[in-house]
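Here are a few notes to read alongside the structure. Have a look at it first, then go through the points in order.

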Amino acid sequence: MAFVGAPLPSLASNPTSTSSHTNPIRPVTSGFFLPARPARLTASPKTNAARPVTPVMTFKPYTAIVTGASSSIGLHAAKELVARGDYHVVMAVRNIEKAKAAAEQLQMPPDSYTLLPIDLASLASVRAFVQKFQSQFSSLNSLVCNAATWHPRDKKPRFTEDGYDETVQVNHLSHFLLANLLLPMLKKTKGRCVFLATQTHNPDTLPGKIPPQADLGQLQGMSSGFNTLPGTIDGKAFEPTKAYKDSKVCNILTMKEMHRRHASSGVAFTAIFPGCIAQSELFREKRGWFRWFFPLFQKYVTRQMVPVEEAGRRVALVASDGRFGDSGVYWQWRGSYLEGMDRTAPVPIEATDRESEKAEMLWELSAKLVNMGA
Ligand SMILES: NC(=O)c1ccc[n+]([C@@H]2O[C@H](COP(=O)([O-])OP(=O)(O)OC[C@H]3O[C@@H](n4cnc5c(N)ncnc54)[C@H](OP(=O)(O)O)[C@@H]3O)[C@@H](O)[C@H]2O)c1
């Protein structure tokens, strides 16, 4: 990879990291055959009958989970991790057939990844995924919380089976639950937990000033249980793009709060803004003219456009490379990729500070909403 070996001038004086330790993904010393766990019986969701689960045999020293690996950034991050040669990637997806076809199209070696179903619009599905993963894999080194949904044309929220706005549940609540359920495994390997973040969620940045701006308010909607109209975090009127941006603030605050609570365990909690991938499927529900205009605008006006392959490479680096091992850091790449990759460099950026004091409250409320003690 072109970036590996390049200097990282800003790392030594990282202003956002409050952790003194670094967290390299360390080589495994106890051999390469990982699944030490014996096969055990689980209930099949379809038949409810007990059936044996066969551990996945991987000869790779490291295992990563990438949610939403069926398209765009997640897919290419999975591909890049596999291309390192030392990672087995679990593609955590809601559409197995789509993900399988996508992996095959990118010619990912079939034994380098495993497809496991997860529907982030269902907390039961998140728990079932974790059970299945733990029955098939004995360790986890990197969790990439990448999947997201955005319904820019909706007039009212889509409530999930758990009773929450789908955007907030898929993007935030389910990843919050997933990360917490997998935390004991990450602690054992001193692994990484990476959240995909944006710029638009932060009203202190230029893109973040474009209305509707993210604003969690005092989390009034969440405090009141969240499952009736308007279904918004701040309890104010529903606006789909604000719901997306608010959920992305939650990703950052979750990263910060996990760092505050658990970084001493050696796990590195980080976030990454991968750049603007203007042609990604995230924009699938935008009107045709926007999908035509937006990539041109990002390419020629803001010059912030990044190809999806490069975005995947950046995510894979933050999830696996030793130089991204500081906990509590929010990464973005400085410089225009269009002017050449050698003109870009990773830099830590300040997360949205105007919401930071809400991180603990968000944590407590989220834990209640996902029934974390259960
Ligand atoms: N695109 C950008 O410019 C940009 C910029 C900054 C940050 N990001 C962040 O990057 C991440 C990936 O975005 P992207 O551009 O790659 O978008 P994308 O192509 O739409 O990918 C989103 C992924 O999430 C999955 N997903 C959606 N709902 C799900 C659910 N209920 N259960 C499980 N998986 C679900 C999708 O699955 P299906 O394939 O089945 O639909 C897809 O794999 C997001 O967190 C986004 O906020 C993107």
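1. Start with the ligand: helix α1 (residues 72-84) gives the largest share of the shell around it, three residues. Helices here are DSSP runs of H or I with at least four residues, strands are runs of E with at least two, and both are numbered from the N terminus.

2. A word on the model: it is predicted, so to speak of local features takes pLDDT of at least 70 and side-chain atom pairs count only at pLDDT 80 or more, while totals for chains, interfaces and linings use all residues. Residues are numbered from 1 along each chain as its sequence is written.

3. Back to the shell, where Gly68, Ser72, Ala147, Ser280 and Glu281 come nearest to the ligand out of 28 residues around it (near means a C-beta atom, placed from the backbone, within 6 Å).

4. Now the sheet. Eight strands make an open, mixed sheet, ordered β5-β4-β3-β6-β7-β8-β9-β10 (strands pair if DSSP finds at least two bridges between them). β5 (113-117) and β10 (345-348) are at the edges with a single partner strand each, so one side of each has no neighbour in the sheet.

5. Met91 sits opposite Leu115 in β5.
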